[in-house]
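Open the model in your viewer and keep the selection tool at hand. The tour below goes from one selection to the next and says what is there.

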Amino acid sequence: MKRREIIKGLSLLPVGVTTVGTLFTAKSAQATPSGKAKRNLLTELGVRTFINAAGTYTSMTASLMHDEVVEAIAQSAKQFCMLTEVQDKVGEKIAQMVHAEAAMVTAGAFSALTLGMAGILTGVDKEKIKQIPHNLEASGIKSEVLLQKAHYDGYEQALYNTGIKLIPVETAEDVDRAVNEKTASMHFLNCNALEGKIMHEEWLQLAKKHHLPTSIDIAADVPPVSNLWKYNDMGFSFVALSGGKAIRGPQSTGLLMGKKDIIAAAKLNNSPNGVTIGRGMKVNKEEMLGMYAALDRYINQDHDKEWKIWEERITIINNAIKNIEGVTTTIIVPPIANHTPTLHVVWDNKQIKITREEYMEKLRQGTPSIEVIGNKDGGFNSTVFMLNNGEEKIVAKRLREEFLKAK
Ligand SMILES: *Cc1c(COP(=O)(O)O)cnc(C)c1O
């Protein structure tokens, strides 16, 4: 790299960063076909990158985008268009793909929950749109949402953002008793379905009986791919899904799918409209098109083949550690949410003298760095659906090495 180019490159850096010598190491400057060096800002900044053997965790940047998605983003980044036109046209296509009346791209599933809820509360009434999250009752906006006790997991905060109150219920009788003139809707958290007393169909029947709209959070519940349309087919009024988990769309995207009137109202509550709760949940054309490209790819990929690859990878990792004395491994597949082969690992601290935290730190500090995720049994879990091809061998080797060292 020429000195002149290095100096030019520096203009991108924050003021005060002057140590040219450390900015461009051999690693950070990759030759491109044109002969120009390509910058790697993560390397330049000294940001740790790692093999993600944990899963689609937001704090770990969750998922990597396929080339089609990156191309959709790069291409649209160079052209102007009207934002609502992109949203409407992308939404129309996505709605067909997921059997919904309408759909829109949101800033994550969390934002889809807030905007869908806002849509139910305000409809297309501009005055009501201005009022939330305050003054619900004074503005004639319904303010109560029913949720099963077992369905509280923290993500209901997305609904609170609109100003509603949640009313906990357990049984059908509780629902009948709780419904009153302030009741706006009934929400369902899909990943906790098996812990609650009321399943989907009954929840929908109860809502029908009381003439209430329904919503469901299925953020991390694809795969299976059929979940993309299952809950729309069942008749939920709106469905919220993450775009940046297994679908591998842009990490900052989600999908809101559902009834036409709710999606239309949700759009009015969203950016680019100014006096709304959604103005800070901005999604630009790049994310909308990236989400569309990712969904298209995801739906059309060979899911059986992908599952086989995951099973092969997890077997390689399991085989590397399962026979180490003191280590106990189990391959599990969570029934709902992160439904993918998962290696559950625990060990006997008398035989293997390392704490979970120390072990995970060793993996993190190794080369390459690896992330797994702690489990509730004092060990860790590892998934393979976010691995690049071949990384399973590195993970297998490193997991084994650190256990043997601790013997
Ligand atoms: C991940 C998750 C969310 C939030 O999804 P984002 O796309 O990150 O906004 C909401 N609900 C559940 C159950 C989740 O797992």
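Next select His303, Ile336 and His339, which supply 38% of the area that domain 1 buries against domain 2, more than any other three residues.

This is a predicted model, in which local features need pLDDT of at least 70 and side-chain atom pairs count only at pLDDT 80 or more, while totals for chains, interfaces and linings use all residues. Residues are numbered from 1 along each chain as its sequence is written, and side-chain values use heavy atoms, with hydrogens and water left out.

Now colour the chain by domain, taking 3–64 + 302–406 as domain 1 and 81–300 as domain 2; these bounds come from an automatic or database domain assignment. The C-alpha centres of domain 1 and domain 2 lie 33 Å apart, and the contact (heavy atoms within 4.5 Å) takes 16 residues from domain 1 and 18 residues from domain 2.

Finally, select the cysteines Cys81 and Cys191: Cys81 is partly exposed, with a relative accessible area of 42%, and Cys191 is also partly exposed, at 27%, a class that lies between buried (under 20%) and exposed (over 50%), with a 1.4 Å probe and protein chains only.

Terms used
Buried area is the accessible area (1.4 Å probe) that two parts lose on being put together, summed over both.
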